[in-house]
Amino acid sequence: MFKNIELLKFTSERSIYLPVMRSLHHPAAGAITLEGVLHALSDPARLQIVRNLDESCPRTCGEAGCPSLPRSTLSHHFRILREAGLVRSERDGVSMRNTLRRDELDKRFPGLLTAVLSQDCGGEAD
């Protein structure tokens, strides 16, 4: 039930419970797969997020995302992008700063991101 709570014992009589921040998974550049990248970019909202990050980095989820999407949906999209290796997310206080891993992706798949991002998306994602 409380899997993100950690017990710290100072003495045998006193204990304190603190929330544990989970570390974020970022695949190594060599572990990024073409299938994973294309899957992550297949959703219009995620493609728009990557376009926004390509314009300027770093950005918070709210700044880089689609304003019409709920925060929980944005978090889900950023997790998919992060686990595919497209985005690096770092905690900055209570927010997350996201950067596009453009250099690493261009070395792994030369020209792929440029080709995908240059395509007309046919309108804004919802």
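1. Is Arg 79 buried, partly exposed or exposed in this model? The model is a predicted one, and in it Arg 79 is partly exposed, because its relative accessible area is 33%, a value that falls between the limits of 20% for buried and 50% for exposed. Arg 79 forms a salt bridge with Glu 83, and the closest N and O atoms of this pair are 3.2 Å apart. Glu 83 likewise counts as partly exposed, at 39% relative accessibility. Both residues belong to helix α4, which covers residues 71-84, and they are four residues apart there, about one turn of the helix.

2. As for the overall setting, the secondary structure of the protein comes to six helices and five strands, and along the sequence these follow the pattern β-β-α-α-β-α-α-β-β-α-α. The protein has 126 residues, of which 35% are buried. Of the contacts between residues at least 6 apart in sequence, 60% join residues at least 24 apart.

3. Glu 104 is partly exposed, with a relative accessible area of 28%, and Arg 88 counts as partly exposed at 27%.

4. Arg 101 deserves a separate comment. Arg 101 lies in the loop between β5 (95-100) and α5, and it is buried, with a relative accessible area of 3%. Leaving aside residues up to four places away in sequence, Arg 101 touches His 26, Pro 27, Ala 28, Ala 29 and Ile 32, as well as Gly 85, Leu 86, Val 87 and Arg 88.

5. Turning to helix packing, at what angle do helix α1 and α4 pack? Helix α1 (residues 34-41) and α4 pack at an angle of about 160 degrees, with their axes 9 Å apart. The two helices are therefore roughly antiparallel to each other, since angles over 145 degrees count as such. The crossing in which α1 passes α4 is left-handed. On the α1 side Gly 36, Val 37 and Ala 40 take part, and they meet Ile 80, Leu 81 and Ala 84 in α4. By class, this contact has five nonpolar residues, one polar residue and no charged residues.

6. Ala 40, whose place is in helix α1, is buried, with a relative accessible area of 0%. Not counting residues up to four places away in sequence, Ala 40 touches Arg 46, Ile 80, Leu 81, Ala 84 and Leu 86. Ala 40 and Glu 83 are 43 residues apart in sequence, while their C-alpha atoms are 9.0 Å apart in space.

7. Helix α2 (residues 44-55) also packs with α4: their axes come within 10 Å and cross at roughly 75 degrees. The two helices are therefore roughly perpendicular to each other. In this contact Ala 45, Arg 46, Ile 49, Val 50 and Leu 53 of α2 meet Leu 74, His 76, His 77, Phe 78, Ile 80 and Leu 81 of α4. These residues divide into eight nonpolar, two polar and one charged. Ile 80 and Leu 81 are among the α4 residues that meet α2, and they are also among those that meet α1.

Technical notes. Residues numbered from 1 in each chain as written. Predicted model: local features only at pLDDT ≥ 70, side-chain atom pairs only at ≥ 80, totals over all residues. Heavy atoms only, no water. Salt bridge = Lys/Arg side-chain N within 4 Å of Asp/Glu carboxyl O. Buried < 20%, exposed > 50% of the residue type's maximum accessible area, 1.4 Å probe, protein only. Axes fitted to C-alpha atoms, helices over the stretch in contact; angles between N-to-C directions. Parallel < 35°, antiparallel > 145°, perpendicular 65-115°, else oblique. Left-handed = near helix turned anticlockwise from the far one by under 90°. Contact = heavy atoms within 4.5 Å. Nonpolar A, V, L, I, M, F, W, Y, C, P; charged D, E, K, R; others polar.
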